[in-house]
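I opened my notebook for a first walk through this structure. Here is what I looked up, entry by entry.

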Amino acid sequence: MRLDYLHLAEVKQFRRPLHLNNLTDGINLFVGPNESGKSTLVDAIRAAFFERYKSSSVNYLQPWGDSSGAPEVELAFDWQGERWVLNKRFLNRPRCDLKIGTELFSDTDAEDKLAELFGYQFAGKGASRPEVQGIPGLLWVQQGAIQEIRGPVGHAGDQLQSALGTSLGEVASSAGDELTDTLEKERGQWLTRTGKQTGDYKAAIDACEAGRSGLADLDAQIAAYRAQVDELGRLRKERETIDQAQPWRVERALVEEAQKHLEKVNGWRTEQQQDQATLKDRERSQKLFREQIQGFEAAAKQLAKREAARARAQEQVGDCEARQPRVDARLALANTVYASAKAGATQARQQAERVRLQAEYDALTAGLTISRKALEQARELQKKLARLREQHQANAIDEKALAKLKRYRSDLDKLAIRRESLATRVQFDLLPGKSLAIGDESVSGKGERLLLEATELAIPKVGTLRLQPGGTDIAALVREQEHAQAQHDGLLARLNIATLAEGEQRVTTSEDLTSQIELEAARLEGIAPEGVDALAVQCDLDDAQLKALSGKLVNLPEVVPDAADEATADAALGTAQTKLKAAEQAAADLNRDLAMANQAAATAREEWERLNNELESSEHKARTKNANDQLTNLNAEAASLLDAINARQQQIDAAQPDVLQQDIDRHTRSAEAMECAASERKQAIDRLEAKLETLGEQGLNEKRDTLQQEVDANERRRDELTRRTAALDLLLSLLKDKRQALTRQLQAPLQKHLDHYLNLLFPHASLTVDENLMPQMLTRQPTAGTGNGDVESLSYGTREQMGLISRLAYADLLREAGKPTLIILDDALVHSDAGRLAQMKRILFDAATRHQVLLFSCHPDNWRDLGVAARDLQTLKAAVV
Amino acid sequence: MGRTYRGFAAEDAAALSDARFKVVERLAQLATDEKVDAILVAGDVFDAPNLSDRTIHRTFNALAAFPGPWILIPGNHDAALAESVWTQAARLRAIPENAHVLLKSGVTEFAKLGFAILSAPLTQRQTHDDLTAWFDTAETPSGLLRIGLAHGSVEDQLPEAADSSNPIASDRAESARLDYLALGDWHGTKCINVRTWYSGTPEQERFKDNSAGQALIVEIDHPGAEPKVTPRPVGHHRWIKLNQHLTVASDLEQALQALNALPVQSVVDITVGGQLDLTGFEHLQQALSAATGRQRSLVAHLEALRVEPTEDDLASLQADGYVGDVIADLRERQQAEGEQAETARNALVILAGMLRDHRAEVAK
């Protein structure tokens, strides 16, 4: 098929008619910038075919803002040697005319004819939808739609299938499909879609399970039954062998015997206890009496002791008295010695004292002489100093004031000099006998006067001259001078000097005096460091001291030549003192001892007497006797009791009561245990017999066998169904597989076309299609791109490429089936890189040898090497006729 | 009694169970007809220790036809334990007067009938002692036949002995000076020596072909005389096991003939292996179906049978398109081993059947 021309009028921006003529076989390339109307052309072609002429859903074709527009499309194409011309107008005065060769068709007839030829349908109402657009929907690709394959292929599915066509029908029309259905139905009886057992099959399996567990239960019950039967047999045997004999009777007899024996022993024990109580009582009494006797004996002993004590005390007194004389003698001697030593010591002391005092007196006398001399000197100096100080005082002059005065003086001098310089000097030299008055002064002869102020010079008979010294300063200066002078004089007066020189002189004098004073003061200091008065006082003190000393000396005796010295005398005194002390002590001790001894002797005597009286009394004697008698009796009794007790204890021990008790316990327990066991056994036997009777009635074995039969039957059924379903599954899978293989075979042509194009892009790759002819999996060599994958999961760019390749393959297929294949690509392959684009152009070129392709793009550069001249839309628009 | 039959359809199993009661009745009738003095049952009267009351009642009722004494001892299946079928039966008062159940070892005299029974019943399920040992020293009144009644395995006899416990010396009859020793436990009739016989079970209940299904008529003239033993068939159903291997077409003919020649009301187990074409397979299935109607029970095992369709078979199937491929695939799979081959065979048979039906539909 070849589209020849396309005319548009009143379609969107093409208000004025646009003519696209001389469309060629192969690729027709239209380029133009955005909004140059490329997509409008595509829309116009689509509307011409897809939309009914009467449709009211094509407003989008009208020029903007022109609701009265009547979009009109006319196109012509050649098909199988005939020219078809379609003319359609929409919305306003809609119409549709189709001319096929020389035949004319109109309205819906025309539209249906086109739909049949191209392989699409019309939407029932409203605008056309992809679902009905069939083959053109697949081959006329709008912007941004090329990567979408599944949808368009789905909608064109029937057409594509019928293009592959008659051969696929082969597959469907054999008996196989019917068989498959029947088999599915039968399989469905026993298996679900997912292969789980259902229906009878499941029931059989479940029954087997239930049966098995039931069998297990019954087996358990039967085993329990058997065990219980065995148990019953065992118990019966035991009862026969053990319980018949009633062995507990023996035990009970033994118990009785032991009991009797034990009772006897217990009797003995009671007796024993009684005896022991009595014995205790007797022993207590024994103790009491013994104590009593002991007391008596102790008293007697006590008496003897006291006798001895008395004797001893007496002895003691004697001793003391014997010592007395010696001690007295010693004491007297010590006193004597002491007295003499004391005298000697006193003497010695006095001697020493005298010597010392004398020495002191002599020294003091000498010292005093010196001191007196010094005092005189000091007094002299003091006077001198006083004089000097007076002088100094009188001479003193304030040196600061003097300095000030000096300043005044110099100031005055300066002032005078200034006056001199400032003052008007009047020198006169008068004729003899003449005089004039300068101011108040009358002068004559030669002279000079300084005038510090206005002065009148009175020249007799001439007149007066008033002289005004220059400079106002003069007055001030005079005043200053006067002030200074006053000050100077004042100060002089204050200082009480006539002149500065005098003052200075006084300063000098003062200085001299000061140094003199210092000198004298130093000398005085040397003589009387603490002052003259102190020295005087010291002298007086020393004097007094001297007097005292002399007084003392008078009282002291004269020196005795060979008197002992103090030290020796003191030593002797010390010794004597010690000895005296010792002797006194001894005497005192002795007195004390004697006193004590006497006391003790007296006490001892008293005590002895008292005790003696007591013990000699008759009452005491009687008690003693009684106690002895009683004790003897008690001893006898206790002895006999003890014997009895011991004998009985041996008896008791021999009887071994503990062992007896144990025997009793043991045999009692044994008897009880045996009786218990026997009774339990009896109960167990009764219980078991009852139980087995009931169980026996249940016919467990038969039940089990019946259940086993059921289980067997179910298992057989189940196995049967397993075999059958396995066979069904096998058949079904084989049928499906074979069918699929056959289908693939028949799809081979499409596969061939796909691979042809694909290999231009990816060598050795393949794109599989499923049984609905949808592209499914892309398989590539690992080096060429990113491996294998579902087409849906490829990159956008690659999907565009797959989209185009698939469409070209479908187009080839359709062409072989004798269908018209016009391919329209509006701005396809925008996401392909340069490399891929190059390959795609080769593919397009190849396809274009078989199909007419209308290619729209806004990138003319991309398509330069496609082998066709691009037609610029803008140029076309401009060239409107 | 009370034995159940596994591996059979429910109704067949019921019928076989029923047959056991009938055989007792027949025994009783035979005994009455032959005018015997007593019937001895050497144990395993009951198959299990815990049976329903009904079974017990039926069993003892079946004894009715022979009024003379029935002398029974417990065997290993119905041992006289503390609680057993016998105690149950006693409680139910099911045991008729003419049935003498000897639960203890000992001598039981039947002076009027001229014999004494030395019984060695089993009081345990298994014992490793020879319970007949005391026979040797047991005294019986002179003039009475000494008849031993015991249950167990005679030593040194068949290698596949039923029970290796409960041993019985093979020369017991001689050492105990018995006129006759009646033994139970083995299912087939077996003569140990001239005075020692196993009567076997009166109604066969297994495929082992060992002369089961008989009763023994024993005639002894006087004490010391040699017993005359006559086996008499009393069983109803024959148990037959067949094994056929098919290679060529004629084999099938043979097999079918053998099938048809079987005595009716038998219990049949038939295994067919080898290979067969489709038509032959159909024939076989039809024959088996028919045979099932004639026999008491028929169980067929066809797992090892391969179906090989011939060219004619295939042509007649008219399997076109990919269905033909499927058939070829299945034929190949049949060559494999084991379950796979069987599944493939089954699938092929199903497919063939369906195609045939389909063709029949179309033809209509």
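**Before starting.** For helix packing I use axes, which are lines fitted to C-alpha atoms over the stretch in contact, and angles that run from 0 to 180 degrees between N-to-C directions. I also remind myself that this is a predicted model.

**Entry 1: a helix pair in chain B.** I looked up helix α8 (residues 322–334) of chain B and helix α9 (residues 339–363) of chain B, and found them packed at an angle of about 150°, with their axes 8 Å apart. Since angles over 145 degrees count as roughly antiparallel, α8(B) is therefore roughly antiparallel to α9(B). The crossing of α8(B) past α9(B) is left-handed. I then listed who touches whom: α8(B) brings V323(B), V326(B), I327(B), L330(B), R331(B), R333(B) and Q334(B). From α9(B) come Q340(B), A341(B), A344(B), R345(B), A347(B), L348(B), L351(B) and L355(B). By class, I noted ten nonpolar, two polar and three charged residues in this contact.

**Entry 2: a helix pair in chain A.** Next I turned to helix α10 (residues 399–422) and helix α12 (residues 500–527), both of chain A, which pack at an angle of about 150° with their axes 10 Å apart. α10(A) and α12(A) are therefore roughly antiparallel to each other, and α10(A) passes α12(A) in a left-handed crossing. On the α10(A) side I found E399(A), L402(A), L405(A), K406(A) and R409(A). They meet L500(A), G503(A), E504(A), V507(A) and E511(A) of α12(A). The residues of this contact divide into four nonpolar, one polar and five charged.

**Entry 3: the antiparallel sheet.** In what order do the six strands of this open sheet of chain A lie? I read off β2-β1-β4-β5-β6-β7 of chain A, with antiparallel pairing. At the edges are β2 (18–20) and β7 (103–106) of chain A, each pairing on one side only. On average, neighbouring strands of this sheet are turned by 10° against each other, direction ignored. I looked inside the sheet too: strand β5 (residues 82–89) and strand β6 (residues 95–100) of chain A run antiparallel and are joined by six bridges. L86(A) stands opposite L98(A) in β6(A). Helix α2 (residues 107–118) of chain A packs on the sheet, touching β4, β5, β6 and β7 of chain A, and its direction makes about 55° with that of β6(A). Helix α1 (residues 38–50) of chain A lies across β1 (2–9), β2, β4 (72–79) and β5 of chain A, at about 75° to β4(A).

**Entry 4: the parallel sheet.** I found five strands of chain A in an open sheet with parallel pairing, in the order β8-β18-β19-β3-β20. Its edge strands are β8 (140–141) and β20 (870–872) of chain A. β8(A) pairs with strand β18 (residues 822–826) of chain A over two bridges, and W140(A) has I824(A) as its bridge partner in β18(A). Helix α1(A) turns up here as well, touching β3 (27–31), β8, β18 and β19 (852–857) of chain A.

**Entry 5: a hairpin.** β10(A) and β11(A) form a hairpin with two residues between them. In the turn, G439(A) has a positive phi of about 70°.

**Entry 6: where the chains meet.** How many residues of chain B are in contact with chain A? I counted 39, which touch 45 residues of chain A. Chain B and chain A bury about 3700 Å² between them, with 61% of it on carbon and sulfur atoms. In chain B, N50(B), R125(B) and Y322(B) lose the most area to chain A, together 21% of what that side buries.

Terms used
Residues numbered from 1 in each chain as written. Chains lettered and ligands numbered in written order. Predicted model: local features only at pLDDT ≥ 70, side-chain atom pairs only at ≥ 80, totals over all residues. Heavy atoms only, no water. Pairing = 2+ DSSP bridges. Helix = DSSP H or I, 4+ residues; strand = E, 2+ residues; numbered from the N terminus. Contact = heavy atoms within 4.5 Å. Parallel < 35°, antiparallel > 145°, perpendicular 65-115°, else oblique. Left-handed = near helix turned anticlockwise from the far one by under 90°. Nonpolar A, V, L, I, M, F, W, Y, C, P; charged D, E, K, R; others polar. Buried area = accessible area lost by both parts, 1.4 Å probe.
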